Structures are given as C-alpha cells and as structure tokens.
Amino acid sequence: RTTALAGVAAKAIQSTCDSCRHSLVWEVSTFLQQYNDLLLWEDLETVAKERIIGAIAAIVQAVPSPEDKIESISKLLDFVEQDVQMCLEFAENNAPVGAEEKGLCALSCLISMGKYLEEPDDKTIDLEFQPPGQDELYMPTIWTPAQQRMAQNMDAVGKALGTNNGAVVEAICQVFRTGFKEKFPGPFVFGPNVVENYITSTNLRTPRLDYALSTAGAMLSAHTRAGTTMINRSATSILELYGPQITQVIINNIGGDASRSELVNFADPLRQMVSQQVTARKWLSDALSNRNFPSTKVGDAEKRMFLQQVLK
C-alpha cells in the first residue's frame with residue numbers, strides 16, 4: 001500500500017488493460033467497482049489515479065455498445081469529479097497547494113481517459129464505410145452530456161486555480177487535443193466552438209499562451225479540410241483575436257520547428273488565413289522577419305519568395 005508500490009501496480013494494470021482490452025470487456029464493471037472501493041481507503045497520488053483511469057478507459061474503448069460505453073464513461077467522470085470537488089473545497093478554504101494538486105489531478109485523469117479511449121491504430125478498417133462529414137462529426141450526439149460535464153469540470157478547475165496557472169492552461173489544451181485525431185464522434189471530439197471559447201478566453205498575459213495557440217492551430221489543421229461552416233466560424237474568431245501570434249507559430253513550424261512529415265498539417269490553416277484575413281500579408285511579413293525565426297539558413301530573398309508564393 002505504499003506510494004511507490006501503488007504507482008508500480010497502477011502502471012502494470014494500465015499496460016495489461018491496454019494490451020488485453022478486448023478480453024477484459026466483460027469485466028469493466030468489476031474494474032470500476034474495485035477502483036471505487038480502492039478510493040474509499042486509499043488516497044492515491046495523481047500518477048496512480050491517471051494510470052488506473054486510463055486502464056479502465058482502454059477497456060471501455062473496446063465495449064461494443066455505445067450505451068454501455070456511456071454508462072462506464074459516466075462512472076469514470078464521477079471519479080474525476082471527486083477531485084474537482086476537493087479542488088473547489090481547498091480553494092474556498094484558501095489552501096492553494098491542495099487546490100492545485102487536486103485540480104491538476106482531475107485534468108490529468110481526463111487526459112488519460114481521452115488517450116485510452118482513442119480508437120487504436122491497429123483497428124480493422126472497413127473500406128466501404130464512409131466516415132461522417134465534418135459538420136456531422138460535431139452535431140449533438142449521445143456523447144454530448146459527457147462532453148458538457150467535462151467542459152464544466154475544466155471550467156471549474158480553471159476558475160478555482162486562476163488564469164495565471166500555466167499548468168492548467170496546458171492540461172486543458174491537452175484534453176482537447178486527445179480528440180483531434182478521431183474521425184468519428186466520441187466523448188472527446190469536442191465541437192470547434194468549445195475549443196474556440198476556451199482559446200478566446202485567454203489574453204496576451206495568459207501563461208503558456210503559445211501552447212494554447214498551438215492547440216488552436218492543431219484543431220484547425222485537423223479539421224479544416226472539409227471547410228465546414230463551424231470550422232470557418234471558429235477559425236475566423238480565433239484569427240481575429242490572435243492572428244499575429246498564430247501566424248508566428250505557423251511560420252516557426254514551417255521554418256524549422258516542425259519535422260518535414262508534419263509540414264502538411266500547416267498548409268490548410270495558412271491557406272485559410274490568407275484567404276480570409278486582409279492583414280495576413282503583414283502578419284506573415286512580421287513573422288518571417290522576427291528574430292525568433294528558427295532557421296539561420298533561410299535568407300531574406302528566400303523569405304520574400306515564400307511570401308509571394310503564399311499570397312498568390
């Protein structure tokens with residue numbers, strides 16, 4: 001029951017459940033009950049909690065019935081909300097250390113849930129099945145109540161710990177990012193407006209603003225190819241608020257921060273920005289001439305040529 005043993009045991013459970021999820025599907029209720037019983041007599045540390053919740057989430061991902069998945073996800077959120085409630089109580093009692101510990105624990109558990117609820121890469125692909133269009137992907141679904149709960153919990157933790165906590169900003173963005181790779185509706189496939197509302201609630205003094213803007217760029221990159229109304233509206237709102245900063249993030253990645261295989265991810269956001277924002281030329285010019293441009297091998301002539309090609 002020591003802290004060290006709890007962490008090791010949780011890691012072993014997580015690894016086993018992740019690799020054997022299909023064989024353990026019918027035991028998901030047992031895992032949920034045992035974790036509930038464990039919490040009654042043991043105040044686990046964050047790392048143990050996020051590993052165990054991730055382990056159970058891996059099993060839940062393999063559950064064939066969406067309705068059964070929803071029930072299990074709801075119970076996992078019950079566990080997360082215990083830490084959210086403790087965070088709020090610590091904050092009300094002017095105990096910032098305890099509030100931060102419990103708040104970040106809740107967010108870490110959400111990140112772990114999102115990660116292990118993702119469709120595995122080795123899933124059998126039905127070549128005749130057409131994935132939903134982007135608008136359909138974000139329509140209200142059976143997952144909407146769970147998403148609303150998660151959004152409320154993230155908002156509660158953010159308000160309790162204050163706007164100057166960079167760890168909270170990064171953790172909330174990581175929760176959003178877990179759903180960016182998904183091609184089908186799911187509990188962590190938040191609508192663009194949810195991410196937009198969070199990004200636009202920040203300001204230039206927000207810590208880890210660079211990570212928040214990078215998250216906005218990742219969302220646009222993941223979902224702009226279909227050019228839907230929802231994405232276009234969110235993109236416009238974010239660009240109007242943080243156009244120069246997002247442009248700098250994109251240019252820095254194109255200029256050397258991103259690997260070659262990742263460059264395609266920045267084409268759509270860049271194209272959309274140029275087509276929709278009349279001030280895009282100035283943003284791009286400023287970003288290219290910024291002293292923090294990552295490559296010293298790119299000269300002014302190459303930068304001017306790049307700018308001309310982008311603005312054609």
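Q: Which residues of helix 8 are buried?
A: The model is predicted, so local features need pLDDT of at least 70 and side-chain atom pairs count only at pLDDT 80 or more, while totals for chains, interfaces and linings use all residues. Residues are numbered from 1 along each chain as its sequence is written, and side-chain values use heavy atoms, with hydrogens and water left out. Buried means under 20% relative accessible area with a 1.4 Å probe and protein chains only, and helices are DSSP runs of H or I with at least four residues, numbered from the N terminus. In helix 8 the buried residues are Gly166, Val168, Val169, Ala171, Ile172, Cys173, Val175 and Phe176.

Q: Which residue caps the N-terminal end of helix 8?
A: Helix 8 covers residues 166–177. A side-chain oxygen lies 3.1 Å from the backbone nitrogen of alanine 167, and the residue that supplies this oxygen as the cap is asparagine 165.

Q: Is helix 3 roughly parallel or roughly antiparallel to helix 5?
A: The axes, lines fitted to C-alpha atoms over the stretch in contact (heavy atoms within 4.5 Å), come within 8 Å for helix 3 (residues 46–61) and helix 5 (residues 96–116), and they cross at roughly 25°. Angles run from 0 to 180 degrees between N-to-C directions, and those under 35 degrees count as roughly parallel. Helix 3 is therefore, relative to helix 5, roughly parallel.

Q: How many helices are there in the protein?
A: From the N terminus on, the elements run α-α-α-α-α-α-α-α-α-α-α-α-α-α. There are 0 strands, and the number of helices is 14.

Note on methods: Helix = DSSP H or I, 4+ residues; strand = E, 2+ residues; numbered from the N terminus. Expected span 1.5 Å × (residues − 1). Buried < 20%, exposed > 50% of the residue type's maximum accessible area, 1.4 Å probe, protein only. Polar contact = N/O pair within 3.5 Å; in protein donor to acceptor, adjacent residues only side chain to side chain. Parallel < 35°, antiparallel > 145°, perpendicular 65-115°, else oblique.
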